[in-house]
Amino acid sequence: MNEQKNPNIHCTVDQCRHNLCTEPFCTLDTVHIGTHETEPSVKECVDCNSFEKRCGAR
Ligand code: SF4
């Protein structure tokens, strides 16, 4: 796998398999952002739905 940094998507979630890890960026071309709330009001209400747990991540 030859994953490239997407400089347009800054992300520090290195538990995600799509994170570059050596730098805080995503490697996907696009990500799907959503919410688990009916009326999101703060940033904690918003999720990256493209997250996938990295193998070996706790
Ligand atoms: S998919 Fe979402 S959580 Fe995973 S590295 Fe990309 S932006 Fe971060």
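Me: Why is Cys-21 called partly exposed in this predicted model?

Reply: The relative accessible area of Cys-21 is 39%, and since the term buried is kept for values under 20% and exposed for values over 50%, with partly exposed in between, Cys-21 counts as partly exposed. Cys-21 is found in the segment before β1, and its phi is positive, at about 75°, although Cys-21 is not a glycine.

Me: What makes Cys-26 buried or exposed?

Reply: Cys-26 has a relative accessible area of 7%, and because buried means under 20%, Cys-26 is classed as buried. Cys-26 also belongs to the segment before β1. Not counting residues up to four places away in sequence, Cys-26 touches Gln-4, Lys-5, Asn-6, Ile-9, Cys-11, His-18 and Val-31. One of these partners, Ile-9, is 17 residues from Cys-26 in sequence, while the two C-alpha atoms are 5.6 Å apart in space.

Me: Why does Leu-28 count as partly exposed?

Reply: The relative accessibility of Leu-28 is 21%, and because a residue must be under 20% to be buried and over 50% to be exposed, Leu-28 falls in between and counts as partly exposed. Leu-28 is placed in the segment before β1, a strand that spans 33-35. Once neighbours within four places in sequence are left aside, the contacts of Leu-28 are Asn-6, Ile-9, His-18 and Ser-50. Between Leu-28 and Gly-56, which stand 28 residues apart along the chain, the C-alpha separation is 20 Å.

Me: How do you know which residues are around the ligand?

Reply: A residue is taken as near a molecule if one of its heavy atoms lies within 4 Å of it, and the residues around the ligand are Ile-9, Cys-11, Cys-16, His-18, Asn-19, Cys-26, Leu-28, Val-31, Cys-48, Ser-50 and Phe-51. The ligand takes up the space of the largest pocket.

Me: What makes up the shell around the ligand, in terms of nonpolar, polar and charged residues?

Reply: The shell divides into eight nonpolar residues, three polar and no charged. Because Cys, Ile, Leu, Val and Phe are among the types that count as nonpolar, residues around the ligand such as Cys-26, Leu-28 and Phe-51 belong to the nonpolar group.

Me: How many helices and strands does the protein chain have, and what share of its residues counts as buried?

Reply: The chain has zero helices and two strands, and 21% of its 58 residues count as buried. The chain exposes about 4,700 Å², of which carbon and sulfur atoms supply 50%.

Key
Residues are numbered from 1 along each chain as its sequence is written. This is a predicted model: local features need pLDDT of at least 70, side-chain atom pairs count only at pLDDT 80 or more; totals for chains, interfaces and linings use all residues. Side-chain values use heavy atoms; hydrogens and water are left out. On a 1 Å grid over the protein atoms alone, a cavity is a set of points where a 1.4 Å probe fits but cannot get out, and a pocket is an open set with protein on both sides within 12 Å along at least five of seven lines; lining residues have an atom within 4 Å of a point. A molecule sits in a cavity or pocket if more than half of its atoms lie within 2 Å of its grid points. Helices (H or I, at least four residues) and strands (E, at least two) are DSSP runs, numbered from the N terminus. Buried means under 20% relative accessible area, exposed over 50%, partly exposed in between (1.4 Å probe, protein chains only). Accessible areas come from the Shrake-Rupley method with a 1.4 Å probe; for residues, only the protein chains shown count as cover. Contact means heavy atoms within 4.5 Å.
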